[in-house]
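Here's a quick tour of one model, written for someone who likes the cut-offs spelled out. Have the viewer open as you read.

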Amino acid sequence: MPFKDLRTHLLGSKPFIIGLYGVPGSGKSFLLEQLRSTLDSKDCKLFEGSAVLDSLVPGGLSAFKKLGKDEMTIWRGKAIDAIIEECRREAVVGVVAGHLTFWDEGQENCTEVWTFKDQEAYDFIVYLDQPPKLVVEWRGQDKKRDRPSATATHIRNWQAAEKDRLMEIHREHRIGFATVSCPWDAVEKIKSMVGVMSLNADKNKVAARKALDQTIIPTEKDVDVVLVFDADRTLAPQDSGSLADTEGSDGDVGLTKLIFSTLDYTYRAFEQATALCERYHTDDEFERLCGAVSQFIELYADIKELLASVQDIPRIKVFVFTCGWRRIWQKVLQREGLADKITIVGGGRFSDGFVVTPEVKEDLVARLRHKHKKVTYSFGDGPVDLGMLQQAHQAVVIVGDEKTRSKTMDKQLAASIEKGLAAKQIIFDNAAPRLDTTTLPVTTVQEVYSSILQTIRDAGLTGVTRSSFKVSGDNSRFLHLTDSGASMILTTPTRDARISGPTLREAHRRIGFHLATELIANTVGLEAYPIPHVQNKTTDGHRLRDEAETTVVAIMRGGEPMAFGVNDAFPLAMFVHAKEAQDMTPSHIEGKSTIILVDSVINSGKTIVEFVERVRTVSETVRIVVVAGVVQAGVMASDTGTMARMLAADENAWLVALRVSKNKFTGKGGTDTGNRLFNTTRMD
């Protein structure tokens with residue numbers, strides 16, 4: 001694809017179309033059937049090109065074969081248009097089995113059937129390059145199609161001609177191209193493409209989380225501290241994306257620069273960066289380009305020393321999270337002898353399984369800290385790293401040469417510090433510091449290394465304050481305070497038949513505040529922010545992690561007083577009243593980190609499940625914390641309990657409560673919680 005057409009492509013809505021090519025008899029139809037049983041029809045639509053023509057042309061395929069060349073070209077174009085429109089309408093990736101050429105043995109040259117419409121439609125071509133003798137055998141065994149006989153020599157020449165032509169098409173029009181000699185390799189190649197191109201931002205986060213978990217879980221018990229580095233201008237002063245543009249764009253405008261200037265740093269931008277990298281560079285070309293770029297990258301000497309020093313220290317694991325090409329940094333670290341014990345999470349190819357966005361980096365650091373309970377150090381240099389710096393226990397800003405470092409970082413960094421980011425800066429190359437050294441204190445790699453060692457010495461440190469909560473059964477995401485002294489004291493006025501109205505509402509409010517500070521804060525985590533100390537200095541205050549991106553939902557009137565107590569503890573959170581699940585609009589959910597659903601009593605759990613399902617229709621990954629004063633024991637029964645099933649099905653949901661009750665009594669009239677709270681017992 002010429003660069004002049006690329007901006008139009010990026011702003012358009014054309015679905016991703018994969019061509020499955022190969023000489024007749026190479027197994028394309030068989031492969032389509034394998035894909036049909038492997039891929040989700042919600043993500044991908046499979047087409048046999050000849051079947052589409054048969055359905056469109058009056059008289060079917062037999063009539064099509066009798067048409068002249070120009071008429072055939074017109075109908076092939078209509079078939080491609082129909083495929084694109086169906087994929088666009090259903091928002092799926094298309095896979096089309098088709099033909100590039102026809103060539104009967106004895107003819108001097110093959111006849112190409114590739115058209116301008118094909119050039120516009122296809123994003124990637126997978127070519128089945130089967131052994132010629134096997135193709136001859138398969139053609140002879142195929143009783144459904146009347147194919148002329150062909151020798152293995154002719155098949156070999158035909159395949160060579162098609163591969164040469166497809167490479168020309170790849171270079172001229174920037175359509176991705178890969179040859180595979182094994183059908184199962186073709187299945188995996190297409191699965192990886194469909195897998196990435198059918199994701200959205202939420203599903204992409206889920207895929208990244210799964211990959212992280214697969215890396216950290218096998219060694220989880222052996223790791224206390226995790227170091228997370230950005231790559232470009234953090235590990236080294238160079239930017240691999242700019243270098244790749246220079247090395248790989250043949251003098252044109254840089255591909256990376258054009259993508260992000262068009263789409264900004266959105267999920268679609270990173271998705272398209274991966275797709276276009278696959279289009280512009282075959283696997284071999286990509287490997288050569290990564291090797292060439294890696295030669296221009298030199299790690300900061302102190303960073304290299306830090307990475308080498310922590311390699312053999314027990315209890316430490318090192319990650320590199322990069323929005324750039326993983327393979328470049330893999331080669332850099334291999335060259336320095338550091339690759340074996342460092343896990344690189346990055347992109348560049350469909351086979352990575354997801355794309356790395358700034359939001360993914362932030363989410364993965366948060367997951368390491370809060371789900372895996374690791375002490376986290378994050379190192380980054382630019383605006384795209386601020387999210388992951390915010391999520392870490394210790395945040396370090398790498399500061400390099402003023403000529404090459406981000407020009408927008410200071411303003412965004414200052415805003416993040418204003419919102420609570422507590423960070424320090426390491427300065428390289430005698431550069432001027434970011435901001436001022438009071439707002440962003442200067443540290444050194446040696447001081448950070450000493451801090452890491454001290455963390456290892458502090459046995460049991462996980463960065464999470466332990467409290468007196470109980471974990472119910474084997475469900476670590478159901479926390480309650482049953483039988484604690486606090487529970488007994490806080491519960492007393494709620495059970496006193498003489499108390500109702502404002503006094504009872506205040507009791508519920510106190511319960512909400514206590515659950516917020518004792519359980520929700522430990523479940524979600526805290527973030528530090530600077531506050532003025534009474535001794536005329538600055539110190540750290542603490543608040544709920546992403547408090548400003550939190551929504552507290554009071555479920556019906558019974559949940560309101562307790563929800564007010566939660567909101568008292570987290571004053572930056574949005575507060576919403578909801579009588580039923582549909583009262584929650586997308587604006588209450590989109591862009592939020594945590595949704596806190598508050599009800600006074602959970603009896604059957606049906607209402608809570610409806611609210612959780614409503615949240616999940618908008619966001620598949622937002623954290624949900626359900627808060628209740630009382631939870632009936634039956635809803636947490638391992639096999640039949642509604643809440644137990646909900647927690648088992650949703651790894652990003654938690655339930656916290658003051659107490660669990662085995663009393664199945666449901667209040668009515670004077671015993672109904674809502675009536676007692678608002679003095680409406682006479683109206684029941």
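## The cavity

The largest cavity holds about 70 Å³ of space, in a model that is predicted. A cavity here is a set of points on a 1 Å grid over the protein atoms alone where a 1.4 Å probe fits but cannot get out; grid points are joined across faces, edges and corners, and the volume is the space filled by probe spheres set on the points. Searching the whole structure turns up one cavity of 30 Å³ or more.

Who lines the largest cavity? Counting residues with an atom within 4 Å of a point, the lining includes Arg 233, Tyr 300, Asp 381, Asp 401, Arg 405 and Arg 434. By class, the lining splits into four nonpolar, three polar and five charged residues, where Asp, Glu, Lys and Arg count as charged, Ala, Val, Leu, Ile, Met, Phe, Trp, Tyr, Cys and Pro as nonpolar, and the others, Gly among them, as polar.

## Ground rules

Residues are numbered from 1 along each chain as its sequence is written. Local features need pLDDT of at least 70 and side-chain atom pairs 80 or more, while totals for chains, interfaces and linings use all residues; side-chain values use heavy atoms, with hydrogens and water left out.

Helices (H or I, at least four residues) and strands (E, at least two) are DSSP runs numbered from the N terminus.

Strands pair if DSSP finds at least two bridges between them. Val 225 sits opposite Ile 316 in strand 9 and opposite Val 375 in strand 11.

## Helix 17

Helix 17 (residues 358–371) has 11 of its 14 residues buried, so it too is largely enclosed by the rest of the structure. Among the buried ones are Val 360, Leu 364 and Leu 368, along with Lys 361, Asp 363 and Arg 367. After the helix comes Lys 373, with a positive phi near 60 degrees.

## Aromatic pairs

Rings of Phe, Tyr and Trp (its six-membered ring) pair if their centres lie within 6.5 Å; planes under 30 degrees apart are stacked, over 60 edge-to-face, the rest tilted. That gives 10 aromatic pairs. Phe 16 and Phe 350 have ring centres 5.7 Å apart and planes at 80 degrees, so they are edge-to-face. Both Phe 16 and Phe 350 are buried.

Methods:
Buried means under 20% relative accessible area, exposed over 50%, partly exposed in between (1.4 Å probe, protein chains only). On a 1 Å grid over the protein atoms alone, a cavity is a set of points where a 1.4 Å probe fits but cannot get out, and a pocket is an open set with protein on both sides within 12 Å along at least five of seven lines; lining residues have an atom within 4 Å of a point.
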